[in-house]
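Here's a quick briefing to read alongside the structure. Have a look at it first, then work through the points below.

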Amino acid sequence: MTVRPEPGTRRFLLLFVAPLMLLLAWRVAPLVAGARTLYLRDVFGTHLEMKWAVAEAWRHGRVPFIDPYRAGGQPLLGSPNSLALYPDTVLYLMAPALAGSDSLAGTLWAHNAHFWLHLLVAPLAFFWMARAWGLGREAAWAGGALYGLSGWFLSQLMFYNLIGGAALLPALIAAAIRLAEEPRRPGRLVIAALLWALLLLAGDPFTALVALLLAAAAVIATPARGPGCWRRVLAAAICGTLLAAPFLVEFLRILRHSYRGFAGYSAETVLTASWEPRQLVEWLLPLVYGRPGWYGAGLSPAGPPPYFFSLAPGLLAAALLVPGALSVARAARGSSHHRAGRFALAAAAVGLFFALGRLNPIAAALLSHGGLVRFPVRFWILVAVGSSLLAAAGFEAAVRDRDSGARRAFHIGLGLLACMLLAALAALWLRPESCARLLLPRVPAGPLSFEYRVVLRQWIETALVSLVALVLLGAGAILARRRPRAGGAALLAAHAATQLVLLAPIMPTDVIGPYATPPPVLDVIPDEARIVHGVSEGLFGAPGSRRRLLDRTQAAFWRDAFEGAFPFAGIPRRRHYELNVSSEGMDSFLSTAARDAVRPAGDAARLRLLRAWGVDRLLLDRELDPGAGGGAALLRRFDLDGGPLDVYELAGAAPPALWTSTIRRASDPRAAVAALLSPAFDPATMVVMPGAGPDTTGPPGGAVRLVIDEPQRIAVEVSAPVDGVLVLQRSWQPIDRATVDGAPAALLAANLHRIGVPVPAGDHRVEVGVDRRPFFAALVLAFAGVTALSFAVVAPRLRRSAGAAVR
């Protein structure tokens, strides 16, 4: 059967879809061309090194179970932050072909593609969801434009593991509604299952769970549910989960021993970044409480940088909320407007309830329990979905249907916004110091400094641009009275243009050249060296002579960090770093404890710990303390743009593999650190092992020979005169297993976070590697999911063919 497009489709595409997509294409064109890169926050700091390690493993035919370049070997496949099985990982595999194997440019292009692809997908996904709720094409596209260009969504452009879920969440809701309505289209079950699997693989379990709950709520609110509705929805959820089983199984294997799973977060940490009602001012003046440039200049008048730099939905969205609420209130019960509005209001209300965090005692108590989810403002995803859908309903009533009450409310809303902006401009012009102290609680007393006057000027510029935007929106509203389509298209074009202008500071890009250039520091560091970067992670206290983040613009900071061989710059050059655990809490708890043991110590204690863990190179932006002792030889000082950087060679570091029978016992991690710091401890001949019992001192001797030294497998031949322990300078991980002469052996945490294998006297072959059996079982589950979806598609056709043959 030929599917014909709806009447007016071409006009709809030209008037509504084309302007927004062209604006977005213009905005991301430098990223698509590979000339520029995003750089804020987690773009580089957390995910770049992980994605490079994932691609490196796949290119060499290895499943990326372990990241061998980071913190002695950390979980990769099971870490949500690596997105190891997400489909766009294939772009990283193409990186060498794009820019040459010796350049980071191809990797950076693939890294940025993850962001701009989802930026383009988001309006389309929301459009599909709004259409599934029964809204017209123009209103549904308005919802997509409001959602995809909201301050909340554009803030996802600095969070690699959040933007995928944010873009796909509306699509899962749409797929669930369509699946519930039509029992005779098996393709819808396949689409819903694939979307659910993608959400599970997209990097954020929290967003995936929210999406699942919203999809279930949408199905409940759908009156046109067909027979067997919940059976189909459950089948899609099960099949999607099976498809994602290889990741889920690995995730569950590492969760209990990760920092987040083992220790969790304190109530104070969990409730950090709660939404505050004063942030409503940002709906009128976007970025009033913080621009990335403020914090790059050492300015934090509103406290620490906000988790999301902007939550501004845009003036058009703000003006359409009341018309949307009115249309819902007037709509007939069970109509599309009523169902969509009820869902939107409920989602926004629940999101706001939890986003308040510490300001809401009930939400604070619920979120603090367990300590697994941080940042209550992340519940704003519900507010973003609900408010955009409600505004879309308002657009349909006030613009397309020309409902007199909704249109009047829309015009009044625009007028009120204009009056408030004029009042804000007058106040900023006449009483600037009072405005600054009213909005920014940390402004110092006395006359405003030059920096704060710059902030005031930025506020005035924002207000002026917003006024121009309101004039354009007013013109569009007037045009919509006579020509609804042309006026509606003008409203959305004005909204898109002004959002991209006003929120440009949270989408900064930089030329790619400085990031693709090899750091000169690595010229004196061999590939096999184990490196600790004293500036990264604050391991050696506050930064010394190198300029700090607060003294530099954001772009300059990241350029300096790449030139100074921070881990995210050195790992793609195949250098191995230690103690650089992820801030997301999914790395080993013991490795995190090792990092935290180094931070508060003095230089002498720090060097003692590093030697015990086999570290032989130290990068530092200052001279070591005079009392640090010998054994740290300055190889070279580099005078870089960000300040001097010294490269030290640490003598006496523990070898990659050693056997010893001199054992010190420690009952807990703190006791292990104390034993390692003891002047009597020699990392070349001793080991600290967990458990109670007396210390043992064995005879010297014993020989080890590395037979296999691969990223996920190591084999050592040991000749032991007495019972002892083989110590490997790799981080202990729960997914590893050990064998001695082919028989299973204990795998223990030696020296706090390294691998220790008890070895009896005699000659033995010890092997340690990733236990792949759970992964292979997960592959069977994934194959079962594929088989089930294939059967769901083929079975109806077979039944129809059999019926036709009988007739």
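Does Trp52 count as buried or exposed? At 4% relative accessibility, Trp52 falls under the 20% cut-off, so it counts as buried. Bear in mind that this is a predicted model. From that tryptophan we can move on to the other aromatics, then to a helix and a sheet.

**Aromatic pairs**

- The count of aromatic pairs comes to 34.
- One of them joins Trp52 and Tyr69: the ring centres are 5.3 Å apart and the planes sit at 70 degrees, over the 60 that the label needs, so this pair is edge-to-face.
- Where do the two partners sit? Trp52 belongs to helix α3 (residues 48-59), while Tyr69 is in the loop between β2 (66-67) and β3 (74-75), so the pair ties together parts 17 residues apart in sequence.
- Tyr69 is buried too, with a relative accessible area of 9%.
- Phe557 and Trp558 also make an edge-to-face pair, because their planes are at 70 degrees, with 5.0 Å between the ring centres.
- Both Phe557 and Trp558 are buried.

**Cluster and charge over a ring**

- Which residues make up the aromatic cluster? Phe126, Tyr147, Trp152, Phe153, Phe159, Tyr307, Phe308 and Phe375 form one cluster together.
- Over at Phe540, Arg606 lies over the face of the ring, at 5.0 Å from the ring centre.

**Helix α21**

- Helix α21 takes in residues 404-430, which is 27 residues.
- From first C-alpha to last, α21 reaches 39 Å, close to the 39 Å expected at 1.5 Å a residue.
- Its buried residues are Gly405, Ala406, Ala409, Phe410, Gly413, Leu414, Leu417, Leu421, Ala424, Leu425 and Leu428.
- What do the buried residues of α21 pack against? Their partners are α17 (315-330), α20 (380-400), α22 (432-439), α23 (450-482) and α24 (484-502).

**The five-stranded sheet**

- An open sheet of five strands runs in the order β6-β5-β7-β9-β8, and its pairing is mixed.
- Strands β6 (576-577) and β8 (632-640) are the edges, each pairing on one side only.
- Further in, β5 (residues 530-533) and β7 (residues 617-620) pair in the parallel sense over three bridges.
- To find your place there, look for Ile531, which stands opposite Arg617 in β7.

Conventions. Residues are numbered from 1 along each chain as its sequence is written. This is a predicted model: local features need pLDDT of at least 70, side-chain atom pairs count only at pLDDT 80 or more; totals for chains, interfaces and linings use all residues. Side-chain values use heavy atoms; hydrogens and water are left out. Helices (H or I, at least four residues) and strands (E, at least two) are DSSP runs, numbered from the N terminus. The expected span of a helix is 1.5 Å times one less than its number of residues. Buried means under 20% relative accessible area, exposed over 50%, partly exposed in between (1.4 Å probe, protein chains only). Contact means heavy atoms within 4.5 Å. Rings of Phe, Tyr and Trp (its six-membered ring) pair if their centres lie within 6.5 Å; planes under 30 degrees apart count as stacked, over 60 as edge-to-face and the rest as tilted. A charge sits over a ring if NZ of Lys or CZ of Arg is within 6 Å of the ring centre and within 35 degrees of the ring normal. Two strands pair if DSSP finds at least two bridges between them.
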